[in-house]
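Please look over the model shown here before reading on. The points below are notes for a colleague who wants to check the details in the coordinates.

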There are 2 protein chains.
Amino acid sequence: MTSPVRLALLGCGTVGGEVVRLLHEQSADLAARIGAPIEIAGIAVRRLNRDRGDLPVDPALFTTDALGLVKRDDVDVVVEVVGGIEPARGWLVEALRAGKSVVTANKALLAEDGAALHDAAAEGGGDLYYEASVAGAIPLLRPLRESLHGDRITQVTGIVNGTTNFILSAMDATGAGFAEALEEATELGYAEADPTADVEGFDAAAKAAILASLAFHTRVSAADVHREGITEVTAADVASAKAMGCTIKLLCIAARGADAAGRETVNVRVHPAMIPLTHPLASVGDAFNAVFVEAEAAGQLMFYGRGAGGAPTASAVLGDVVAVARNRLAGVRAASESAYADLSVRPMGEALTRYHISLDVADRPGVLAAVAGVFARHDVSIATVRQGSAAAGTSGGGRDDDAELVIVTHVAPDAALAATVGELRGLDIVRSVTSVLRVEGGF
Amino acid sequence: MTSPVRLALLGCGTVGGEVVRLLHEQSADLAARIGAPIEIAGIAVRRLNRDRGDLPVDPALFTTDALGLVKRDDVDVVVEVVGGIEPARGWLVEALRAGKSVVTANKALLAEDGAALHDAAAEGGGDLYYEASVAGAIPLLRPLRESLHGDRITQVTGIVNGTTNFILSAMDATGAGFAEALEEATELGYAEADPTADVEGFDAAAKAAILASLAFHTRVSAADVHREGITEVTAADVASAKAMGCTIKLLCIAARGADAAGRETVNVRVHPAMIPLTHPLASVGDAFNAVFVEAEAAGQLMFYGRGAGGAPTASAVLGDVVAVARNRLAGVRAASESAYADLSVRPMGEALTRYHISLDVADRPGVLAAVAGVFARHDVSIATVRQGSAAAGTSGGGRDDDAELVIVTHVAPDAALAATVGELRGLDIVRSVTSVLRVEGGF
């Protein structure tokens, strides 16, 4: 039999442990699929004597010297499941420069400085694979990277953070506010003790950068992504969405557009938005992930599955390990980074969005005309207006002369919409702006 | 710039025309993604002087001599969108043996004799890609072929025929019978003049064979697939499904199992089945396709999109063209056929299924005991029984001493379930068996 492909594993937590378990359980299948057995050359961990249950691996393989392990001549493939920018970046750049192939699940690093990794891979001639970095086990990056290369992707819209999707699903199901739903998510283990990365949208923004880079053949980093979390989504927002036949999701959106001169651009953003219940993403509940892709010829596609967890993430890691191991045996390299399009990233203010706005207004003649005038001044076109008595649950409820105005706009530059809302807030006849939400999914 | 990759196109109907159009419109992008321009060397058609609209291609490229075109030395890649077994098989075997790479959408040929194509590719050293053969534009084969190679797939369940899904969706929505729904589908262009390949399940069976081969690393051909179409699905069946909170879909199922000796086997089948409305496949309506994949580590995944049509199919073809063109430039070959597992294909009678059975019975004491006795004799365990007065719309309705029994079984070998139904039909107290449907999706 061919000599083994030797693998260095950096990190042995939930995902790393599952990688070890699967390598052991499926060793015969993996060897048949690759054409050579896989052998673990070493496992870098922070603490040697942590209890790792009954992991089917020789304890002598553990080391605290990750850099030393990465540099060893008998290592072909480096698998990194530690996360974070440093020291992971240093290890992986070292490995790639030395010609080793790298499989990583590190979305933060890829979004922060993917360029350093891609450049090091080009220098060393090894492969860089990272299917596990976005949407866990869902095979998504390879389709974007390869299957859709004969097509022109126009937009990618994803639910890529399980924690926030769990929280928003709970708010939708029970009418709870954000704080209460977060508490439930924490108790059930869906949210971490410090949920900032999830609820403020940092995790989704990193994934958005990775998806946008692949979909548009352009380097997009986390700093290019407009980011809003879900901490300010209220029970009133959720109720407003329901009244419109919608639900609220934290979406990551990467969309093709054009600047004033007609040059192609891309806008990448993460924010909560209303989508109609009839949209395929609306029924993606709990901690599931899904990514909706629109391409010129292919039309609408959706990829759905578990976005996190040890086993699903390990499945994605091992799929990549099989691919890079095969490439090494064949003496070839996969397609390298494709960033030829080099589109400019358009700021959020220029992105075309739609708003849903609920206002608590004085119930007297001329109010609608005054409100409509504000939209007109900002060149924002109104799609629908619904007028009723003030909804229960809004702050100004109870006064007889109150009325509620619910306005949905047509698409307009986000800056114009934001300025419209700003001016509405200052209007005398507007008692309060009870809900402002972007609207996606073409309803 | 690198010298062009030269492409022979076999067939220029709906899909072929779209391939030509996309090659033209996206030539700059494709060249950048591949690293070399793509050039059409020739287009084989049956009739030279058919009106092809304003296809952006030199008319001198058309030829009726497909075999001659395939043999030309200046052809690198052959794209086949003709369909059918012969003459396509002869052309593609010739091309592959000569070392050319092949991209084909020909599901019938792959399911009938994929072995001939894979063997020819191995002999010649070129690539054989066929993403467009199953579920049109949905990137599905590459994930199965590559992304999930580190995992163990346990079952693939798909809605892979748009025509039958349109018909069943219509029956579900309107209560129409099969004939009426088929007529509507034909009028709207969703069904062909001769709908046999679709409604009898031949098309789905070919796709099932291709999916099973990839998922289980085993050669599976159309002849190995148990096939039942939808022509016998009645309005009463649809009503029964609704009463159970289910809908009826034509499913293609490839499932891992074990024989009596504990050896791993695979069962591949196409038949209509009830699935619960809560299952992700239940909401796949109209002519859409979706494939649900269960893997040991990855858990549940679903791929959704347009399964047919010129542009979606062309998108899948071109994604493959980019991949094989890149491989040729790099002087490498993609992973070849993986059939190492070589599992034996288990006959339908041994497959483990569940049945939903509606009976019109005489309403007198002892009936349930007699019926239950039949199930027990065949070692079939009953999950639920619902007893009521005979449902409206069943054939024997109207008699006062009628009752309806609705039985859902636990899983049992399909042969035992079929034998149970056979014996029930012969029972004096059973006036008629009004509906028999398999149940899938674990409800």
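**Notes on the model**

1. Arg431(A) and Asp402(A) form a salt bridge, with 2.2 Å between the closest N and O atoms. A salt bridge here is a side-chain nitrogen of Lys or Arg within 4 Å of a carboxyl oxygen of Asp or Glu. The pair links distant parts of the chain, 29 residues apart: Arg431(A) is in strand β18 (residues 430–439) of chain A and Asp402(A) in strand β16 (residues 402–409) of chain A. Helices (H or I, at least four residues) and strands (E, at least two) are DSSP runs, numbered from the N terminus. Arg431(A) counts as partly exposed because its relative accessibility is 29%, whereas Asp402(A), at 4%, counts as buried. The classes are buried under 20% relative accessible area, exposed over 50%, and partly exposed in between (1.4 Å probe, protein chains only).

2. On provenance, this is a predicted model: local features need pLDDT of at least 70, side-chain atom pairs count only at pLDDT 80 or more, and totals for chains, interfaces and linings use all residues. Residues are numbered from 1 along each chain as its sequence is written, chains are lettered from A and ligands numbered from 1 in the order in which they are written, and side-chain values use heavy atoms, with hydrogens and water left out.

3. Chain A is divided into domain 1 (5–136 + 310–330), domain 2 (141–306) and domain 3 (349–439); the bounds come from an automatic or database domain assignment. The C-alpha centres of domains 1 and 3 of chain A are 52 Å apart.

4. Arg142(A) and Asp320(A) meet through their side chains in a salt bridge (3.2 Å, N to O). Arg142(A) is in helix α6 (residues 141–145) of chain A and Asp320(A) in helix α12 (residues 310–330) of chain A, 178 residues apart. Both Arg142(A) and Asp320(A) are buried.

5. In chain B, the side chains of Glu228(B) and Arg438(B) form a salt bridge (3.0 Å, N to O). Glu228(B) is in the loop between β8 and α11 (235–243) of chain B and Arg438(B) in strand β18 (residues 430–439) of chain B, so the pair ties together parts 210 residues apart in sequence. Glu228(B) is partly exposed at 27% relative accessibility; Arg438(B) is buried at 8%.

6. Arg6(A), Glu39(A), Arg72(A) and Asp74(A) are linked in a salt-bridge network. Over all chains the count comes to 46 salt bridges.
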